[in-house]
Amino acid sequence: MNTETVSVILKRFESPDEVRLLQKGRFELVHLGGMTIGRATYERGWKSSEHVGRAMGARRCEVEHVGLVLSGIATAALDDGRVFKLHAGELFYIPPVPHDSWVIGDEPYVSLHFLGANSYAKSSS
């Protein structure tokens, strides 16, 4: 057995390593075990192309996402015309093709992002 000390790391989104403030939302990042996990929180009326893309100089998001919806409902609309609703409790994969998304209804939308978090809503400057 290896006698080196093995560290266990515990973190919470209430004290994230980084916060990306967005119009009508926020994206909190935690770096843990060699990966970056994000928590997206979007208000009613949030739309990716308007509230993230415009600020990043992009018409559509092309980040690959793997995540879990914690609360609320949103869409994932691919540029080929397919539109998917994302509900609380669902795991999702969105390929790295141009897409938009928006919150449906009055409840805030909250999701965890296990893939794509590091590059999402990241300013190029």
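## Starting with burial

A residue is called buried when its relative accessible area is under 20%, exposed when that area is over 50%, and partly exposed in between, using a 1.4 Å probe and protein chains only. Take Pro 95: its relative accessible area is 24%, so Pro 95 is partly exposed.

Before going on, a word on the source: this is a predicted model, where local features need pLDDT of at least 70 and side-chain atom pairs count only at pLDDT 80 or more, while totals for chains, interfaces and linings use all residues. Residues are numbered from 1 along each chain as its sequence is written, and side-chain values use heavy atoms, with hydrogens and water left out.

## The overall picture

The protein chain has 1 helix and 10 strands. Here helices (H or I, at least four residues) and strands (E, at least two) are DSSP runs, numbered from the N terminus.

If you boxed up the C-alpha atoms along the principal axes, the box would be roughly 55 × 35 × 25 Å. Of the 125 residues in the chain, 38% are buried. Now for contacts, meaning heavy atoms within 4.5 Å: among those with a separation of 6 or more, 58% are between residues 24 or more positions apart.

## The sheet

Six of the strands make an open sheet of 6 strands, in the order S1-S2-S3-S10-S4-S7, with antiparallel pairing. Which strands stand at the edges? They are S1 (18-22) and S7 (91-94), and each has a single partner strand, so one side of each is left without a neighbour in the sheet. From one strand to the next, the twist averages 25°. (For angles, axes are lines fitted to C-alpha atoms, for helices over the stretch in contact, and the angles run from 0 to 180 degrees between N-to-C directions.)

Two strands count as paired if DSSP finds at least two bridges between them. S1 and S2 (residues 25-32) run antiparallel and are joined by 5 bridges, with Leu 21 partnered by Arg 26 in S2. S3 (residues 35-42) and S10 (residues 109-115) also run antiparallel, joined by 5 bridges, and Thr 41 stands opposite Val 110 in S10. S4 (residues 65-71) pairs with S7 in the antiparallel sense over 4 bridges; here His 65 has Ile 94 in S7 as its bridge partner.

## A closer look at S7

Pro 95 sits in the loop between S7 and S8 (99-100). Leaving aside neighbours within four places in sequence, Pro 95 is in contact with Val 63 and Glu 64. Val 63 is 32 residues away along the chain, yet its C-alpha atom and that of Pro 95 are separated by 7.5 Å.

## Empty space inside

Rolling a probe the size of a water molecule over the atoms shows where empty space is left. On a 1 Å grid over the protein atoms alone, a cavity is a set of points where a 1.4 Å probe fits but cannot get out, a pocket is an open set with protein on both sides within 12 Å along at least five of seven lines, and lining residues have an atom within 4 Å of a point. Grid points are joined across faces, edges and corners, and a volume is the space filled by probe spheres set on the points.

The structure holds 1 cavity of 30 Å³ or more. The largest cavity has about 170 Å³ of space. It is lined by 17 residues, and the closest to its centre are Trp 46, His 65, Ile 94, Ser 101 and His 113. S5 (73-78), S7 and S10 each supply at least two lining residues. The largest pocket has a volume of about 150 Å³, and Ala 121 is one of the residues nearest its centre.

Most residues other than glycine have a negative phi, and most peptide bonds are trans. Lys 24 is not a glycine, but has a positive phi of about 65°. Lys 24 lies in the loop between S1 and S2 and, at a relative accessible area of 32%, is partly exposed.

Ala 121 has a positive phi too, near 55°. Ala 121 is in the segment after S10, and counts as buried at 11% relative accessibility.
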